[in-house]
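Reader: Got a model open here. Can you walk me through it?
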Amino acid sequence: MLKVNENFMKLPPSYLFVDIANKVDQFSKQHPEVEIIRMGIGDVTRPLPKAVVTAMQKAAEEMGNMETFRGYGPEAGYEFLRSAIAENDYQKRGVAIDKDEIFVSDGAKSDTGSIGDIFDVDNVVAVCDPVYPVYVDTNVMAGRAGEYREGAGWSKIVYMPCSRENGFLPRIPNERADIIYLCFPNNPSGVGIGRKELQKWVDYALRNQSILLYDAAYEAFITDEDMPHSIFEIEGAEKCAIEFRSFSKTAGFTGTRCAFTVIPKELIFNGVSLNKLWGRRQSTKMNGVSYVVQRGAEAVYSEEGKREVRENIEYYLNNAKIIKEGLQKAGFEAYGGVNSPYVWMKAPNGLSSWEFFDLLLEKTGVVGTPGSGFGISGEGFFRLTAFNTRENTEKAIERITQSFQA
Ligand code: PLP
């Protein structure tokens, strides 16, 4: 009889956001008069920049003409986009990344979720706790996580707690880790990492011949001068790191889908080039991203595109400021929200994350994400996102202030 991949059976039955949606649905049915304000899921609300839309319209026209129609494109992305990325995101910032080191894809979720394909199942994985769940769940699927122990997590995964005590920055683990996932600015805590701190990770990886999987999906939100926009700004990183970037939060592409992964050619382990391995994996399992979407992504780097993107990011950062300052004024502990669209708050009065979720929904109609959904160390915390409209953000904070202020 057919055998299924038993690793999938180890996964918890439903995804965090499904549980939240079910709870909100139930609440709405019981209280149809309450206007719900969603500040839970990390999805954008501002429309695509005009420069992107115009470029996509033009590309769609080309696809409708015999002379300019295009079929399958290069699996790793069209040269026009790979060059625009290399030039604007790296070379202009003094980082020597070449277009051949860039792999265009449909999302950082797919890439961070699939990168494990090129690594052996026996590697030890380290993740921050709390963490973007994709890193953990995909390693469970691959058989790299061991067994789940209630209250202690997966037996073979090394957890690096990120708490108030360490400023939500992970400490170098005592045990050996081969594959280390880092995400800065961080989801869910909203904190960024400085150059000096990141250098420690690069040095650790070089010493141990480990790989850093650096998720920079929120790079565009960095406002702090001391924070690197890319791990490749750090000396030696080209020998020990892979970087993931996305147009999702940067330019409103969550529904349009485009991202890229940077794998330097210097990444050689045991004589094997990771750039070549990933190229082989991608060309076997995917046929690239649509031409229309790649033209849209290219337009993000046009003068008009850059200006529009900046406006959108500033809009969200202003929301984050409203949330963080509003919460702090109301007496809550709140973190992040300066280099990130996420504000990480402490649930008051020793409430658990889910208890606070229920209370907040009941009292204010505001939906956030329970921190415990991101890992054991997320318990007692709660994530609010800045992706709603300014009006709704202000309304939400006003309701929270009125309901909770002493
Ligand atoms: N990485 C992190 C840390 C995220 O929070 C998200 C989305 O919320 C993603 C990756 C997914 O990005 P994409 O839309 O490019 O798949």
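Author: Start with N187. It is buried, with 26 C-beta neighbours inside 10 Å. Buried means 20 or more other C-beta atoms within 10 Å of the residue's own, exposed means 12 or fewer, and partly exposed lies in between, with C-beta atoms placed from the backbone.

Reader: Where is N187 in the fold?
Author: N187 sits in the loop between β7 (179-183) and α6 (195-208). Helices (H or I, at least four residues) and strands (E, at least two) are DSSP runs, numbered from the N terminus.

Reader: What is N187 in contact with?
Author: G42, Y132, Y218 and Y342, leaving aside neighbours within four places in sequence. Contact means C-beta atoms, placed from the backbone, within 7 Å.

Reader: And Y132, buried or exposed?
Author: Y132 is buried, with 22 other C-beta atoms within 10 Å. Its place is the loop between β3 (125-129) and α5 (133-142).

Reader: Is this experimental or predicted?
Author: This is a predicted model: local features need pLDDT of at least 70, side-chain atom pairs count only at pLDDT 80 or more, and totals for chains, interfaces and linings use all residues. Residues are numbered from 1 along each chain as its sequence is written.

Reader: What is the mean pLDDT of the protein chain?
Author: The mean is 96, and 100% of residues reach 70 or more. pLDDT is the predictor's confidence in each residue, from 0 to 100.

How values were computed
Two residues are in contact if their C-beta atoms, placed from the backbone, lie within 7 Å.
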